[in-house]
Amino acid sequence: MLSTLNKWFERFAETSFTNPERIYRSLFYFGTTIFVLFTLFPFYWLFVLAVTPNELISNMGPFPKGFNPSIFVTVFEQLPIHVYIFNSIVIALMVTFAVITLGSLAGYAFGRYDFKGRQPLMLTILVISYFPPAAFLLPLYRLLTGNLELLGMATPDLYNTPWAVAFPLSALALPFSIFVLTTFYQQIPDGLEDAARVEGTTRLGALYRVIMPLSLPGITTVGVLTFIIVYNEFFFSFLMTDGSAENWSPLVWGIAGIIFEQQYTTPYNLMAAASIIGVIPIAILVLIAQDKIVSGLTAGALKE
Amino acid sequence: MPEHSSPPLWERPIRFVTFRVEQLSDTQFVYLLLSPVFLLLSIIAFWPIVSTFEMSLYADSLTDPSPIGDFVGFANYVDLFTGDLNALMPRPFFSLENPLQSALIVTLVFTVVSVTIETLIGFGQALILNEEFRGRKWFRVILILPWAVPIVIFGMMFFLLFNSTVGFGSEILHGLGLISTTPFNSTQDSLLLLIIADVWKTTPFMVLLILAGLQSVDRDLYKVAKVAGASRWQRFRYVTLPLVKPILAVAVLFRAIQAMRVYGVIEVMAGCNTVPSLSCMVVGSFQSRYYGTASTIAFITAAIIGVMALIYIWKFREEIA
């Protein structure tokens, strides 16, 4: 046994001297396989725990200890996970709409005009994106819960409405989107807009008829990324809502709530099943829009 | 003909706006476009930052109905480092006797260790992947998936992997002698698990960024180097590395800033008492209505990130610019 292994190894060493490409090939398969297994295992693990009946969950091996698919129905009876997901989607759509509208105006200005103050203004936006969410928390909490006076009037109490989460998250998502959109607008050739302007189209007309259609791919990219970022966010989604589904609490509370509210037994299978259900909308989006996500992420992260 | 001279009523405001915009100079037009963004940002970003700083100059008010006490200047900052505010907090902010219990050190250790590991593995994997192979499209989906998992579910995944009742993950690492049997009761063990979790979530993202950098390298350069007799290592050392360095520098900075803010995954996975990161401390003291302390920690976190970013940008100014 050992001698065959030894022989095999010798042969491998010999071919690798004569044919180094082969070593790289095996390195490629080895590294990639480990990487894929490492990445996919936690998803598989959620599935294992979800289908194992809860009373059997202890000292688990790598395989399910039973098969109980009805858990995916029980989840909806135990907690309104679909309402939490719905709330998250509504908040994500609100922020996405705000970010696309405001971000494309700014991206257009930064991407197509060279004006005094361009550099400092872009730098300011970059600096904001460096600040941790914790540095915004207290003032925004007091502002959005109606505990501040502005011009002699108390601010409206937005706590437990989607606005309390959507406002802070727009600030968080805007800088990144502005940078991605600036890059996209820069790539539109100057000639097209100039031609439209020479032919007598107004400034806004050129923006609407020439620039908007051409920047549609960029806008969809930013839209998809913003949606995912907001759907996934934890900090403000957690702190700006009280946790009940009817008060617009997002997915964060649907999942974390199971941990905080557990009483005598920990419902591991419920936790796993709820997590799987919560990840499905995002997984679908990733499958559909993977090209957009990759181009947006690399453009955004590398520009900043 | 009257229809031509007077447009329909609903078009009049649009025409008016279009006309007025046409009259503006380029600079005026640009600032008109930028004004909504900066208006929103001043309410939900600039003002909160200033206000947080202002609040950090006031003492906590423990008895008053208003949570903000007397003006104390920079006393909160001094007290945080000398340990005079520790009584208010579940864990000290900074302490050399118990380094792994104090927020500042835990956060810095987490940031340095996880970003280093992620960059090394990410770079290695990106180099391996930098060639054509079948199933590339599917592989890309696998790379994006961990990045796209909501933080709360990400925390839940690793709670379920390493929870001592469930077993499996914690048993394997315990068998290797890395952690105790109940890892979520110990800061040291939880920190290790947190780093493993973070490596899982962000390494694929690093691969994606570095791969984009590698693919922007002109293939002809490799051919030239090969013809000139450069070995694979030399091609890596003198062609790939210098060209990828700027992207690597930006990616590391980007990741380190994110790592310094770590919060949600801790809350779900191990609890903020076990792994007291800086953001955990801000939330903790905010929930106990210690507004002065909370804003001081928040502002110190922001300042550390700022200084880190400045030093880094200064050091790598040629690569980044």
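Helix 7 of chain B is largely enclosed by the rest of the structure, because twelve of its twelve residues are buried, a residue being buried if 20 or more other C-beta atoms, placed from the backbone, lie within 10 Å of its own. Helices here are DSSP runs (H or I, at least four residues), numbered from the N terminus. The model is a predicted one, in which local features need pLDDT of at least 70, side-chain atom pairs count only at pLDDT 80 or more, and totals for chains, interfaces and linings use all residues. Residues are numbered from 1 along each chain as its sequence is written, while chains are lettered from A and ligands numbered from 1 in the order in which they are written.

This helix covers residues 151-162 of chain B and reaches 17 Å from its first C-alpha to its last. The expected figure is 16 Å, taken as 1.5 Å times one less than the number of residues. Among its buried residues are B:Val152, B:Phe158 and B:Leu160.

What is B:Leu160 in contact with, leaving aside its neighbours within four places in sequence? Its partners include A:Trp45, A:Leu49, A:Met271 and B:Val166, contact meaning C-beta atoms within 7 Å.

I turn to the two chains together. In all, 72 residues of chain B are in contact with 77 residues of chain A. On the chain B side, helix 3 (residues 26-55) gives the largest share, 18 residues.

Finally, the largest nonpolar core has 172 residues; such a core is a set of buried Ala, Val, Leu, Ile, Met, Phe, Trp, Tyr and Cys residues joined through C-beta atoms within 7 Å. B:Val152 and B:Leu160 are among those with the most contacts inside this core.

Notes: Contact = placed C-beta atoms within 7 Å. Helix = DSSP H or I, 4+ residues; strand = E, 2+ residues; numbered from the N terminus.
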